[in-house]
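Me: Can you walk me through the packing in this one? Keep it short.
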Amino acid sequence: MLSDPAVPGLRGEAAPTGTENTTGQGPGATVHRAVVHEAQESAVQGRIADLEKRFGDPADPGNPLSADRILAADEAAELPGAGERLLDEVVLNAEFVPTALGGRLDRLDSLVRVMRQVFRRDVALGLGYGITSFMAAANVWTAGSDQQRRRLAELLLENEKISVAYHELPHGNDFVRNEFRADPVADGYRLRGRKEVINNADRAAAFSLFSRTDAKPGSRSHSVLFMERDQLDSARFSVLPRYAAVGVRGCRLSGLEFDDCPVDGSTLVGEVGQGVELALRSFQLTRSAIPGMAIGALDTSLRTVVRFALGRQLYRRPVMEIPHAAETLTGAFLDLLICDSMALAATRAVHLLPDETSVYAAAVKYLVPKMLTDTMYDLSIVLGARFYVREGEFGLFQKHVRDLPVLSLGHAGSAACQATIIPQLSRLARRAWFSGDEAPLSLFRPREGLPPLTFDRLALASGRDSLSASLVAAVDGLPSGSPEELAIQALVMRMLDQLRQLQEDSLGLSPQDRTALASPASFALADRYAVFLAAASVLGVWRAARDDGDPFLADPAWAAAALHRLARRLGQRPAGLPPSCEGRVHEEVLRRFHERRSYDLYDTPLAG
């Protein structure tokens, strides 16, 4: 392993920001912003390259983080020790700490790119080492006091773990009904009750606890408390036994139990009764980011199946030459690009469209894990009997199949995300889809600079939807000079017809069907809406790429093929694509495999 990183921002040093000087006007300010953004991009690329080098080739038996070593740790229900040490060495927690507090968190899309390198090796390591800490920290960055933010930053930069505790088994996703109590007393609170299925509860240095502070029902009945473990009375606080899990077996899932445990009043994050609002704001960060990180697992899995298809002979020819296998691999690559386009738009919206992020984050958290899981199943069919092998790269593929569905569970699970979307549909249908302003093209440019991350601008709901509006506004300006471009034009027109139907159906929802107690038909509308957002993201990425020169993303072939898959997901039967579309996308699948480059929007060099 490298002992002295040659890139900025490792070992906890703050990444280049300069944001305090980038708000001015005029040519000088513009040039300065460009220089700052270039430095940020260079730093991110350096951190990604360093992580890749440290993780090494997973096929190398001498690598302490080889596929076999990761699988051995999983069999033992542990996180790979070498992986945790590696992430300690690079102070990965600094990715979760804002630059103003000494960390490297300046852009949410950059955080996703860095963490994707961890997830592509081991989903459990990504969740178990750091993402739980990011979820807990989001509450404090959003509404914590200056003292709380500074202390949390200190803990994270010292490689400590932070646990977030929303979940109580009797109430599942309905965390507003949680019964864990923080009863107000003269000098603070008394904690009573249990929190279950909490990651790192046994080793976290601090906890972010969602707690009932008022016995009355309603949205002002809960608050968030942030406390350190060593401040708790050990006689009144205990860790519950660990849960055995089918997926992410290395994650240390247990629980917490408090018996009239006193905590100081300074543990309150934000205001009393602000817990639900704070949770919904912080979810916008985590729901937008985590699915994009998990795309790394599909990247590795697709690479595994491509290698198998090229090397395995069946019917006297490589599996890759069997049309169904080739089509499946091409489709998996397109699904990955669709997911990444949607995740990109959502994470960049946190900076560019913060008042609209609530619905985008929920849609990403709902649709992307679902698509990743479906695509993994499709790939498993190509592997055939190899899917059941439990060693090496095929064993790692099987592990990803077990691990990825976990992302659809918990307090931000699929149903909870749909329940966030449903109440907003009628308002968006009335105000936004065919009359609102379109999103800026900067929303779809993967490496373009962004304004600072401002947590307090995130809104709980909005009557605007610039992403969907961009699909509508793009129609008149779509090129039509090639068969692929004509295909895009036809597909977008069909999408708009479906969006008009969604608008009509959303406006017709009864009052009850606009709540979490809605009928299955309302949940189906939320599903359709998420697919439209995915289509708008794909179209936006393609349109933006035509201006900045990425040769593959600027090619209409992939965009037409991706929109075609989304149309079929909506139950449509679109006309067949020009043969060149699938051929161009398949060619890119092979190029990236042979050149060891990632399958996402960034086309990043990989170690293996």
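Predicted model: local features only at pLDDT ≥ 70, side-chain atom pairs only at ≥ 80, totals over all residues.

Me: How many residues has the largest nonpolar core?
Reply: The largest nonpolar core has 175 residues. Such a core is a set of buried Ala, Val, Leu, Ile, Met, Phe, Trp, Tyr and Cys residues joined through side-chain atoms within 4.5 Å. Buried means under 20% relative accessible area (1.4 Å probe, protein chains only). A separate second core of 19 residues includes Leu-209 and Leu-268.

Me: OK, rings. How many aromatic pairs?
Reply: The structure holds 13. Rings of Phe, Tyr and Trp (its six-membered ring) pair if their centres lie within 6.5 Å; planes under 30 degrees apart are stacked, over 60 edge-to-face, the rest tilted.

Me: Why is the pair of Phe-180 and Phe-258 edge-to-face?
Reply: Because the planes are at 75 degrees, with the centres 5.4 Å apart. Both Phe-180 and Phe-258 are buried.

Me: And Phe-237 with Phe-258: what angle between the planes?
Reply: 35 degrees, so tilted, at 5.1 Å centre to centre. Phe-180, Phe-207, Phe-237 and Phe-258 form one aromatic cluster.

Me: Which charge sits over the ring of Trp-542?
Reply: The charged end of Arg-546, 5.3 Å from the ring centre. The test is NZ of Lys or CZ of Arg within 6 Å of the centre and within 35 degrees of the ring normal. Lys-161 lies over the face of Tyr-129, at 4.1 Å from the ring centre.

Key: Residues numbered from 1 in each chain as written. Heavy atoms only, no water. Buried < 20%, exposed > 50% of the residue type's maximum accessible area, 1.4 Å probe, protein only.
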